[in-house]
Amino acid sequence: MTVKMMSAHEVTKKVFQKEALFILDVRNEDAFADWKIEGENFEYLNIPYFELLDGVEEIIEKLPSDKEILVVCAKEGSSVMVAEMLSEEGLTVSYLRGGMKAWSEHLEPVKVGDLKGGGEVYQFVRIGKGCLSYMVLSNGEAAVIDATRMTDIFTDFAANKGVKITNVFDTHLHADHISGGRKIAEQTGAMYWLPPKDAEEVTFEYAALEGGNVVTIGKTFIDIHALYSPGHTIGSTSFIVDEKFLMSGDILFIDSIGRPDLAGMAEDWVGDLRESLYSRYRELSEELVVLPAHFMIIDELNEDGSVSEKLGTLFINNHGLNIDDEVEFRKLVTENLPPQPNAYQEIRETNMGKITPEEEKQREMEIGPNRCAVR
């Protein structure tokens, strides 16, 4: 039997299309418990690789004969060996190319809407990490918002679309992943925007993203308005694009709200978070389509794999927007928080320009699930 390779892109399509898949994850139990490939119709078996060194005969009866089987490990090598052993036992199996390392870094572009005058908005879904980046295209120009460190996909996408990246934005100083915004700006000559209240310790030049700024992309005057909305960080800033899309950064998600503790300031910033969500956002049109910088659970994906919802719908369905009691709200966002992201202090320092880790170190720093939300 031939052992097949399955790419992160192919697995992502199975997630989007809600297909069935049986995953044999051969990482250690603690790694699997902390973070795994998620899909609505995925089933799992976690058997550490070292338990299979003498053969796979004992787990054959635990594996389905009528479903596609994907073997997953951290970097690929162990999954190839296990897949080959299963193949010798007569099973049809695949292994994940690049392992969970590749899964963590994969970005899937999804078109989320059209703009006036022929422009488009694309969302880049980092399916294994829960990060969401964006590109706004109009009349030969493009803006990139909340880019990941895998910058090639953005520059290649722009080149394939025949547009020039002229502006790059970060809605806030990220603590869970390394931003590629500054690198893209350096490569393309684009203007790099960052909220000044998040940039007091940065070591590089930037354009101050402040309330009242209007940035034009292309000739059709697609405007990105800076809406100051502190809470997740002291400088967190939302964008309203073309009076149609609300890019909420890490303030508001589809099924949750942003945590205010990643700079150690939960008690100080919880009031800002509530004011942003319960006052500033209430003044906006409920028809705005919310495009967040992260998703927390796989259920937040739409039928096409995108992550979005109208603001008015979130006012009804998002628990974090419906806590009338301020004391209860404070407890939600300051107590019983999920674990903080791996290496979040190092990630913040990297995004400030204070340190420049080697690429493999950056991969290690980012390993793990999205932990920017509370619900």
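Select the charged side chains of the protein chain: the mean positions of the 36 positive and 66 negative charges are 3 Å apart. Here Lys and Arg count as positive and Asp and Glu as negative, with His and the chain ends not counted; each charge is placed at NZ of Lys, CZ of Arg, CG of Asp or CD of Glu.

Some housekeeping: this is a predicted model, where local features need pLDDT of at least 70 and side-chain atom pairs pLDDT 80 or more, while totals for chains, interfaces and linings use all residues. Residues are numbered from 1 along each chain as its sequence is written, and side-chain values use heavy atoms, leaving out hydrogens and water.

**Zoom out**

Switch to cartoon and you'll find eleven helices and 20 strands in the protein chain (DSSP runs numbered from the N terminus: H or I of at least four residues for helices, E of at least two for strands). Along the principal axes, the C-alpha atoms fill a box of roughly 65 × 50 × 40 Å. Now colour by burial: 58% of the 375 residues are buried, meaning under 20% relative accessible area with a 1.4 Å probe, protein chains only.

**Down to α11**

Next, select residues 359–366, helix α11, where Gln362, Arg363, Met365 and Glu366 are buried. These four sit on the same side of α11, because they cover an arc of only 160° around the axis, taken from the directions from the helix axis to the C-beta atoms. Last stop: Gly368, which follows α11 and has a positive phi, near 125°.

Definitions and conventions. Buried < 20%, exposed > 50% of the residue type's maximum accessible area, 1.4 Å probe, protein only.
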